[in-house]
Amino acid sequence: MAIAAISPSRTAASAPGTVLNALTIDVEDYYQVSGFEDVVARDCWPAYESRVVASTHTILRLLDQAEVRGTFFILGYVADRHPELVRAIHRAGHEIASHGYWHRLIYRQTPDEFRADVRRSKDCLQAITGEAVTAYRAPSFSITRRNLWALDVL
């Protein structure tokens with residue numbers, strides 16, 4: 001998981017002079033990152049020990065103690081295998097967002113492949129939470145000048 005920043009649960013309006021930050025967390029397992037894409041085949045993922053549930057619950061406890069809410073960009077693959085984790089994040093008051101289904105770099109996909117990946121992830125997350133998913137983070141921030149077509153797909 002990647003943590004970008006921490007924000008207080010209070011709004012900036014309720015605390016003059018307070019800097020309002022955003023907290024975002026990628027919910028993925030250690031072997032699903034782009035750096036391992038050519039080392040760990042996706043069809044081998046089930047053979048690896050998953051640490052995402054325990055790690056995410058630790059983060060949820062810490063955020064609850066600090067009264068902090070954020071956006072959790074959840075990999076669709078993780079959501080399919082651990083729907084209870086998505087429900088726990090949602091119940092804790094955090095925004096549920098898509099990180100794609102397979103954590104594939106967008107510039108290595110065709111527009112149709114990307115559309116299918118995003119749709120599969122979004123549908124999975126929405127089915128679990130019963131709410132619309134409106135945010136997306138590209139795996140490894142892989143929307144670049146060479147694939148701006150991805151913005152039209154989104």
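**Close-up views of a predicted model**

**View 1. Residue S55 in helix α1.** S55 is part of helix α1. The model shown here and in the other views is predicted. With a relative accessibility of 31%, S55 counts as partly exposed. Its C-alpha atom is 9.3 Å from that of V27, although 28 residues separate S55 and V27 along the chain.

**View 2. The length and the buried side of helix α1.** Helix α1 runs over residues 52-65, which makes 14 residues. Which residues of α1 are buried? They are V52, T56, I59, L60 and L63. These residues lie on the same side of α1, because they cover an arc of only 105° around the axis. An α-helix has 3.6 residues a turn, so residues three or four places apart point the same way. The buried residues of α1 pack against β1 (24-27), β2 (71-74), α2 (76-81) and α3 (83-91). On the face turned away from the buried side, α1 carries the exposed residues A54 and Q65.

View 3. V52 is located in helix α1. Is V52 buried or exposed? V52 counts as buried, because its relative accessibility is 3%, and the cut-off for buried is under 20%. Apart from neighbours within four places in sequence, V52 is in contact with V27, E28, D29, V78, H82 and L85. K122 is 70 residues from V52 in sequence, and the C-alpha atoms of V52 and K122 are 19 Å apart in space.

View 4. Most residues other than glycine have a negative phi. E67, which follows α1, has a positive phi near 55°. E67 sits in the loop between α1 and β2 and is partly exposed, with a relative accessible area of 47%. For S140, too, phi is positive, near 55°. S140 is found in the loop between α4 (111-129) and α5 (149-153). At 43% relative accessibility, S140 counts as partly exposed.

**View 5. The salt bridge between E37 and R108.** How many salt bridges does the structure hold? There are six salt bridges. In one of them the side chains of E37 and R108 meet, at 3.0 Å from N to O. E37 lies in the loop between β1 and α1, and R108 in the loop between β3 (95-98) and α4, so the pair ties together parts that are 71 residues apart in sequence. E37 counts as buried at 17% relative accessibility, while R108 counts as partly exposed at 45%. A network of salt bridges links E37, R42 and R108.

**View 6. Two further salt bridges.** R69 forms a salt bridge with D64, and their closest N and O atoms are 3.7 Å apart. R69 is partly exposed, with a relative accessible area of 29%. The side chains of R104 and E113 also meet in a salt bridge, at 3.9 Å from N to O. R104 counts as partly exposed at 23% relative accessibility, and E113 counts as partly exposed at 35%.

**View 7. A nonpolar surface patch.** Y30, F36, V39 and Y48 make a nonpolar surface patch of about 370 Å². Among them, Y48 is found in the loop between β1 and α1. Y48 is partly exposed, with a relative accessible area of 35%.

Key: Residues numbered from 1 in each chain as written. Predicted model: local features only at pLDDT ≥ 70, side-chain atom pairs only at ≥ 80, totals over all residues. Heavy atoms only, no water. Helix = DSSP H or I, 4+ residues; strand = E, 2+ residues; numbered from the N terminus. Expected span 1.5 Å × (residues − 1). Buried < 20%, exposed > 50% of the residue type's maximum accessible area, 1.4 Å probe, protein only. Arc of directions from axis to C-beta. Contact = heavy atoms within 4.5 Å. Patch = residues over 30% accessible without salt bridge, like charges linked within 9 Å, V, L, I, M, F, W, Y side chains within 5 Å. Areas by Shrake-Rupley, 256 points an atom, 1.4 Å probe, with all protein chains shown as cover. Salt bridge = Lys/Arg side-chain N within 4 Å of Asp/Glu carboxyl O.
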